Amino acid sequence: MKIAVSSMAFESLDEIFDFFEQHPGIYLELGVDLGEEEVEAIARKRIPASSLHIPCPLERLMPNMASFDPQALETSLEIINRSLDAAAVCKASVAVLHPGYATDSLLPSDPKNRDAFLKEISGETTCHILDEASVTTSAEYPLSSEYKLYMAHLAEKARLAIDMAKRRGIAMAFENLNPRYLYLCQSPRDMRFLSDSVDDISFCLDIGHLWISSCAHGFDFYAALSSVLDTGKVTAAHLSNNSTEGMRFSDDHRHLREGKVDVKKCLEAILPYKPDFLVIEVKGDPTSDVDLLASIVTS
């Protein structure tokens, strides 16, 4: 298992270069915050890349492999293909993908624009909204007929992205998402459905997203963690802590020692499955997180 850090932890290229010069055994996950010139600069520096989070380089829209709109699906594949070009240049072996959404549209990649879009469209149907401020959904939403329809279509179209990546020697890892309106893959049940439906699918297990889902939908977090791991298809894990509790939902990507998640207990569950990469996905200097993770992995 290799330890990686997401580029979201850094505010500039210089910070990235300085960190990896001081931590030669650590890998980089290229995030959606990076522009084309920044990706090219990272490739020139030959910083070892574990993975790339699609869309990277930064794009205006997020791909949606669940869309029934042929043009939206074609655009999604074009976005994915451009990200795979960057992954190949940086020699990343895994591409992490937000699988899709229960809409035919492509969502904005900019978080503020995406939040505005979700709040506007969720106003048309409030029956599944648990918290209007974050557009977090209730446990009933993933059971709705519309959600299940798009999950089934995602399972049908997932292979297009998987095969595109496989031709380049890259694993396409589908990530479990937050319990927000239109977001698919909110629950361990969804991940197991994809595992059963798509033979050689791979997953990126995001413990922060799973924690928020467990709080919103009322399932046991650690049992859910084991359920996804038991598919045997988790090739990468996104590690961060989270402040979500009660009716306050926030995907805040805190440092591993900060928040409500027992990260050490999570790692005790994850490590026996030996995913290829453990990716620290926090905001701010990740040095303490790298030290903590390295001490747990090597103990």
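Is Tyr-141 buried or exposed at 1% relative accessibility? Tyr-141 counts as buried, where buried means under 20% relative accessible area, exposed over 50% and partly exposed in between, with a 1.4 Å probe and protein chains only. The model is predicted, so that local features need pLDDT of at least 70 and side-chain atom pairs count only at pLDDT 80 or more, whereas totals for chains, interfaces and linings use all residues. Residues are numbered from 1 along each chain as its sequence is written, and side-chain values use heavy atoms, with hydrogens and water left out.

**View 1. Aromatic pairs, including Phe-19 with Phe-20 and Tyr-141 with Tyr-181**. A search of the whole structure gives 10 aromatic pairs, a pair being rings of Phe, Tyr or Trp (its six-membered ring) whose centres lie within 6.5 Å, with planes under 30 degrees apart counted as stacked, over 60 as edge-to-face and the rest as tilted. The rings of Phe-19 and Phe-20 are edge-to-face, because their planes stand at 80°, with the centres 5.2 Å apart. Both of these residues, Phe-19 and Phe-20, are buried. Tyr-141 and Tyr-181 form a tilted pair, with 5.4 Å from centre to centre and 45° between the planes. This pair links distant parts of the chain, 40 residues apart, since Tyr-141 is in the loop between strand E6 (136-137) and helix H5 (145-166) and Tyr-181 is in the loop between strand E7 (171-175) and H6; helices (H or I, at least four residues) and strands (E, at least two) are DSSP runs numbered from the N terminus. Tyr-181, at 6% relative accessibility, also counts as buried. Ring pairs also link Phe-10, Phe-19 and Phe-20 into a cluster.

**View 2. The packing of helix H6 (residues 188-197) with helix H8 (residues 221-229)**. The axes of H6 and H8 are 9 Å apart and meet at an angle of about 10°, where axes are lines fitted to C-alpha atoms, for helices over the stretch in contact, and angles run from 0 to 180 degrees between N-to-C directions. H6 is therefore roughly parallel to H8, the term for angles under 35 degrees, with over 145 counted as roughly antiparallel, 65 to 115 as roughly perpendicular and the rest as oblique. Pro-188, Met-191 and Arg-192 of H6 make the contact with Ala-224, Ser-227 and Val-228 of H8, contact meaning heavy atoms within 4.5 Å. At the start of H8, a side-chain oxygen of Asp-220 comes to within 3.2 Å of the backbone nitrogen of Tyr-222.

View 3. Thr-244 is buried, at 0% relative accessibility. The side chain of Thr-244 reaches the backbone nitrogen of Ser-250 at 2.9 Å. Not counting residues up to four places away in sequence, Thr-244 touches Trp-211, Ile-212, Cys-215, Phe-249, Ser-250 and Lys-260.

**View 4. Backbone features at Pro-55, Pro-57, Leu-182 and Lys-274**. A cis peptide bond joins Ile-54 and Pro-55, with omega about 0°, and the bond from Cys-56 to Pro-57 is likewise cis, with omega near 5°. Leu-182, which is not a glycine, has a positive phi of about 80° and is buried, with a relative accessible area of 2%. Lys-274, in the loop between H9 and strand E10 (277-280), has a positive phi near 50° and counts as exposed at 65% relative accessibility.

How values were computed. A polar contact is a pair of N or O atoms within 3.5 Å; within protein, one must be able to donate a hydrogen and the other to accept it, and residues adjacent in sequence count only if both atoms are side-chain atoms.
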